[in-house]
Amino acid sequence: MKYGGGHFNYLLVCPRKLWLYAGGVGMEHTSERVAEGKLLHATAYPSRPGRYEELEVGPVKIDFYDPRQRVIHEIKLSDRMEEAHIWQVRYYQLVLEQIGIAGVRAVVEYPSIRHTEQLGELTDEDRVRLSEMERRIDRIVESEQCPPIPPKRKGICRRCSYFDFCYVGEAVPEEDSDQEDSL
Ligand code: SF4
């Protein structure tokens, strides 16, 4: 596999973000929100360290995997469930399947809103969609042109680690209630 979970997540957030990330334009070290996300992951399961393993498969890093139950646990800082989170984790399920760990389920946890999203085993439809997503990622990351700032920004830009990069000398998008982020 050539992509990490972030590629699948960012594909659904913003093609420009995906292109910058894939090209190694890293701004995440400057982002407070990314730092908050890392802290959340570091402190998420203080009383259950023995139950989970950290898995690295090529570029894919899964922070919490329960090998006995075959369940991936992904924790999100966001205060709303997003498709990008779900398909990031669906991709992890596919990666484990590809290395011979079948029948994996997943749980996406949102501590800030006390919500847990349960994901069953991968279906054939999921596999088809992941394959299509991978082809879309290929097209974006192989493009020589950085995709433009999407016209419908929906407020995602304000919370994005590439905000300063994208809006140097540009009009800043209006705030709105349709906030998104990818953490
Ligand atoms: S700031 Fe906005 S346009 Fe730029 S990468 Fe982030 S989400 Fe995309």
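User: What makes a residue part of the set around the ligand, and which ones are in it?

Analyst: A residue is near a molecule if one of its heavy atoms lies within 4 Å of it. The residues around the ligand are Cys-14, Arg-16, Lys-17, Ile-149, Pro-150, Ile-156, Cys-157, Cys-160, Tyr-162, Phe-163, Cys-166 and Tyr-167. Two elements, α2 (15-22) and α6 (163-166), each give two or more residues to that shell; helices (H or I, at least four residues) and strands (E, at least two) are DSSP runs, numbered from the N terminus. One thing to keep in mind: this is a predicted model, where local features need pLDDT of at least 70, side-chain atom pairs count only at pLDDT 80 or more, and totals for chains, interfaces and linings use all residues. Residues are numbered from 1 along each chain as its sequence is written, and side-chain values use heavy atoms, with hydrogens and water left out.

User: How many nonpolar, polar and charged residues does the shell have?

Analyst: There are 10 nonpolar residues, no polar ones and two charged. Ala, Val, Leu, Ile, Met, Phe, Trp, Tyr, Cys and Pro count as nonpolar, Asp, Glu, Lys and Arg as charged, and the others, Gly among them, as polar.

User: How do you know what span helix α5 should have?

Analyst: The expected span is 1.5 Å times one less than the number of residues. Helix α5 (residues 124-142) has 19 residues, so it should span 27 Å, and its end C-alpha atoms are 27 Å apart, which agrees. Its buried residues pack against α1 (5-13), α2 and α4 (83-98).

User: Why is strand β4 called largely enclosed?

Analyst: Buried means under 20% relative accessible area, exposed over 50%, partly exposed in between (1.4 Å probe, protein chains only). Five of the six residues of β4 (residues 105-110) are buried, so the rest of the structure largely encloses the strand.

User: What makes β3 and β4 a pair?

Analyst: Two strands pair if DSSP finds at least two bridges between them. Strand β3 (residues 71-75) and β4 have five, in the parallel sense, so they meet that definition. In β4, Val-107 is the bridge partner of His-73.

User: And Gln-118: why is it called buried or exposed?

Analyst: Its relative accessible area is 57%, so Gln-118 counts as exposed. Gln-118 sits in strand β5 (residues 115-119).

User: What does Gln-118 contact, leaving aside its neighbours within four places in sequence?

Analyst: Gln-118 is in contact (heavy atoms within 4.5 Å) with Ala-106 and Val-107. The C-alpha atoms of Gln-118 and Val-107 are 4.7 Å apart.
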